[in-house]
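This report looks at how two parts of one chain meet. Please have the structure open as you read.

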Amino acid sequence: MVEAIKPVHSLKGRDFLSNLDLSPAEYRAVLDTAHAMKRGAFKGLRPLEGQTLAMIFEKPSLRTRTTFEVAMNQLGGHAVNLTNAEIGLGTREPVRDIALNLERWVEGIMARVYLHSTLEELAHYASKPVINGLSDLLHPVQLLADYQTIEETFPDTRGLKIAYIGDGNNMANAHIQCAVLSGAKLTIATPRGYEPNAVIYMEALKLGADITLTHDPRAAAEGAQVLYTDVWVSMGQEAEASQKRKIKDFAGFQVNPAMLDLIDPDGIFLHCLPAHYGEEVVEEATLHKKSRVFDQAENRLHAQKALLYHLLS
């Protein structure tokens, strides 16, 4: 059995709403734990025995729901699934009241929501850790799994060339924050008018991140060691007119085998899934020899398991 890692004391009881809620040392500890857990650390151990995680879902989920629930189970704890149809977040009850109820029953709250402000309100009123399972602004747990996957091929991410191609959405924003922690050299290619959040971008630059914004996807992909994309039309943006406009605006930004030929010969391709095949990506790309898309999905389990261990132990 791989030797278990001791929890980082400074993380106990903390909220995790963004990647920059972690210091570089804490980020390193979570990823080191994730790697160790994948190798078998904690197998047969139950460090979260008797603890419960409440999971709130405004948006449907495959990976977030399954991996958080399995993670709690493997650590000896339990997860309670709460759909918005059941709890009416902010409609049937104020977010404040939901937080003040849940804090008395559970040891942690994970929420996958539309508005980032909902997470901030939950965290403000709940005395227990609140974890961002996705919001319109950021998807920080996904980036932990992404960097675990990246490090399986490129153990040292300092100066690593990462190209994000697509919409400047919550995934692009989270990549910007992780460029601060990882030391990677990040290029984000979007169509004009679809750039990432300006405040997050400027904050990262002030913190010393190496980030380039461009409107040329081929130039971004050229020589990249990691190529990343996400859907052009996120959940809640599926109105027909908006979808048609985006597909037109994103012409030339599709990841396909021809674009994968532009990246480093040893480079890898990542997509956080679900994929909209025929839009931002084609099936041949996710099944390509350079693809690590399904390793990346697996690592949601290990990365979130590591996060829960440090926040709740």
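What distance separates the centres of domain 1 and domain 2, taken over C-alpha atoms? The answer is 25 Å. Domain 1 covers 9-138 + 299-312, and domain 2 covers 142-296; these bounds come from an automatic or database domain assignment.

This is a predicted model: local features need pLDDT of at least 70, side-chain atom pairs count only at pLDDT 80 or more, and totals for chains, interfaces and linings use all residues. Residues are numbered from 1 along each chain as its sequence is written, and side-chain values use heavy atoms, without hydrogens and water.

The table gives the interface values.

| Item | Value |
|---|---|
| Contact residues, domain 1 | 29 residues |
| Contact residues, domain 2 | 28 residues |
| Area buried between the domains | about 2,400 Å² |
| Salt bridges between the domains | two salt bridges |

Contact means heavy atoms within 4.5 Å. Buried area is the accessible area (1.4 Å probe) that two parts lose on being put together, summed over both. Carbon and sulfur atoms carry 59% of the area buried here. On the domain 1 side, Leu20, Tyr27 and Asn299 lose the most area to domain 2, together 27% of what that side buries.

A salt bridge puts a side-chain nitrogen of Lys or Arg within 4 Å of a carboxyl oxygen of Asp or Glu. Arg28 and Glu151 form a salt bridge through their side chains, at 2.8 Å, N to O.

Helices are DSSP runs (H or I, at least four residues), numbered from the N terminus. Helix H1 (24-39) and helix H13 (293-312) each give two or more residues to the side of domain 1 that touches domain 2. H1 gives the most, with eight residues.
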